[in-house]
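Dear colleague,

I am passing on the structure we spoke about, and I would be glad if you could look through it alongside the notes below.

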Amino acid sequence: MDFNEYQKKAIGTDLEGKKDGNNIFYLGFMTKALGLVGEAGEVTEDIKKILRDKNGELTEDDRTALTMELGDVMWYIAVIADYLGVSMEEVAEKNLEKLQSRKQRGKLHGAGNNR
Ligand SMILES: [Mg+2]
């Protein structure tokens, strides 16, 4: 499955739906933004527990749980991107372009979005 196919299917499970126009201050957008942070928190919480309770030893159950949580993060990214009128493929391509540019310029380390 490619990114855009995933995005199309993810949108099909969005209960609030996309709103036309450029104003992001509506329930659907806000709940997706909050949900993205919540799911990212679930990823880090699982990792914390593996570090804290299992001395960093990753089990298959941990791997499965983290895979599911990463999928939850991806769902929110896919839906937010759709709300913005951007395809998942474009998000992925732009991200790789940015990282390749930083790598070529020796700027992978450091701070700031526009380095
Ligand atoms: Mg989750």
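The notes begin with how to read the model and then turn to the metal site and the helix packing.

This is a predicted model, in which local features need pLDDT of at least 70 and side-chain atom pairs count only at pLDDT 80 or more, while totals for chains, interfaces and linings use all residues. Residues are numbered from 1 along each chain as its sequence is written, and side-chain values use heavy atoms, with hydrogens and water left out.

The magnesium ion is coordinated by Glu39 (OE), Glu42 (OE), Glu69 (OE) and Asp72 (OD) at 2.1 to 2.2 Å, where donors are N, O and S atoms within 2.8 Å of the metal (3.2 Å for Na, K and Ca), and the site may look incomplete because water is not among the atoms. Along the sequence, these donor residues follow the spacing E-x2-E-x26-E-x2-D. Glutamate 69 and aspartate 72 are about one helical turn apart, because they lie three residues from each other in helix H3 (residues 60–84); helices are DSSP runs of H or I with at least four residues, numbered from the N terminus. Glutamate 69 is buried, at a relative accessible area of 15%, whereas aspartate 72 is partly exposed, at 30% (buried means under 20%, exposed over 50%, and partly exposed in between, with a 1.4 Å probe and protein chains only).

H3 also packs against H1: their axes come within 9 Å and cross at roughly 85 degrees, the axes being lines fitted to C-alpha atoms over the stretch in contact, with angles from 0 to 180 degrees between N-to-C directions. The two helices are therefore roughly perpendicular, a term that covers 65 to 115 degrees.

Best regards

Methods
Parallel < 35°, antiparallel > 145°, perpendicular 65-115°, else oblique.
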